[in-house]
Amino acid sequence: MLNRRTMTLSTLGAGLMLSLSGGALAADKGRFLEYRDLAVPGLPDQRLNIWLPPGYDTGTTRYRVLYMHDAQNLFDPALSNFNKVWAADKAMMAHAAKRSEEPWIIIGLWSPGADRYRQYMPKPAYDAASPDLRRRMDAFGNGKSIVSDHYIGWIANTLKPWVDMVFRTQSARDDTAIIGSSMGGLISLFAFLEHPETFGRAGCVSTHWPGTNPTSVDGVDTEMLRIWTDMIEGGLGAPDGRKLWFDHGDATLDAFYPPYQDVIDATIGSTDWVKGTHWESRFYPGAEHEENAWARRLPGVFDWVLG
């Protein structure tokens, strides 16, 4: 997918050192850029894959921007942890063609391997946990400190301004979306709640509501669920034109999610957010917790979240 030719860039933004690999693809498929070894205070080194839509290099159009987590699993099976991907660029092209709209630029953020949990677990949830729940969180996340507040702050306050400076973007809140799956669903929700001025749209796919190993408790973890509902009730605010998506299946790891999602849906449903207009929650019977399942429904996610 990527041409591995590399050149060093100067420092861009606070503490942001980038190296770039880029190569032109066929004009009808867009172009990929890769940025490696981004040194960010308080975080593991970061890595980006950016997809620029067809026509970007020859036109003057300004594009809306979608931030997605787990970039290694978005585009190229050779980079994926599981040799399967969301095919996010293809889904974006299908979405744009269906709606006769311009595609969105996709900013794919790699997860940092063994540090994924501490980067994606919302810090307010960790801070609110009892000693027993925190012990289970530490066991699930290899016992390392939670840095999701630094991660989301870096995206909103450093990465996004850099993206808007370097690329032709539409930078308004409603032109900026964030989407992820599993723990990436949790961090996308956190970003949406924590930075409502930045992210006008969020997609939480197969959200890992148990927050830890789901077999560490019998049935639903009521404490974890209370933490999520408190976080949503305290941070959701008025819709104000924003859009929020949830979905899940009922196979493999997704089998644990339906009772959690039911309560989350009831919590949001009790607010002035109108389902189908401001938020959506979809159930996909038989869907597993894996990239092929997410790839199959991603065009529909895009149609609702970005439409």
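This is a predicted model: local features need pLDDT of at least 70, side-chain atom pairs count only at pLDDT 80 or more; totals for chains, interfaces and linings use all residues.
Biologist: How does the span of helix H5 agree with its number of residues?

Modeller: An α-helix has 3.6 residues a turn, so residues three or four places apart point the same way. Helix H5 covers residues 148-166, and at 1.5 Å a residue these 19 residues should span 27 Å, which agrees with the 25 Å between its end C-alpha atoms.

Biologist: Which residues have the most contacts inside the largest nonpolar core?

Modeller: In soluble globular proteins, nonpolar side chains tend to be buried together. Here the largest nonpolar core has 61 residues, and those with the most contacts inside it are Ile 50, Tyr 67, Trp 154, Leu 159, Phe 167 and Leu 244. Leaving aside residues up to four places away in sequence, Ile 50 touches, among others, Phe 32, Leu 33, Tyr 35, Ile 105, Ile 107, Trp 162 and Phe 167. Phe 32, in turn, is included in a second, separate core of 26 residues, along with Ala 88, Ala 91 and Leu 298.

Biologist: How many helices and strands does the protein have, and why does it count as compact?

Modeller: The protein has nine helices and 10 strands. Its radius of gyration is 19 Å, close to the 19 Å that the globule rule gives for 307 residues, so the protein is as compact as a globular protein of that length. Of these 307 residues, 58% count as buried, and among contacts with a separation of 6 or more, 71% come from residues 24 or more positions apart.

Technical notes: Residues are numbered from 1 along each chain as its sequence is written. Side-chain values use heavy atoms; hydrogens and water are left out. Helices (H or I, at least four residues) and strands (E, at least two) are DSSP runs, numbered from the N terminus. The expected span of a helix is 1.5 Å times one less than its number of residues. A nonpolar core is a set of buried Ala, Val, Leu, Ile, Met, Phe, Trp, Tyr and Cys residues joined through side-chain atoms within 4.5 Å. Buried means under 20% relative accessible area, exposed over 50%, partly exposed in between (1.4 Å probe, protein chains only). Contact means heavy atoms within 4.5 Å. The radius of gyration is taken over C-alpha atoms; the globule rule is 2.2 Å times the number of residues to the power 0.38.
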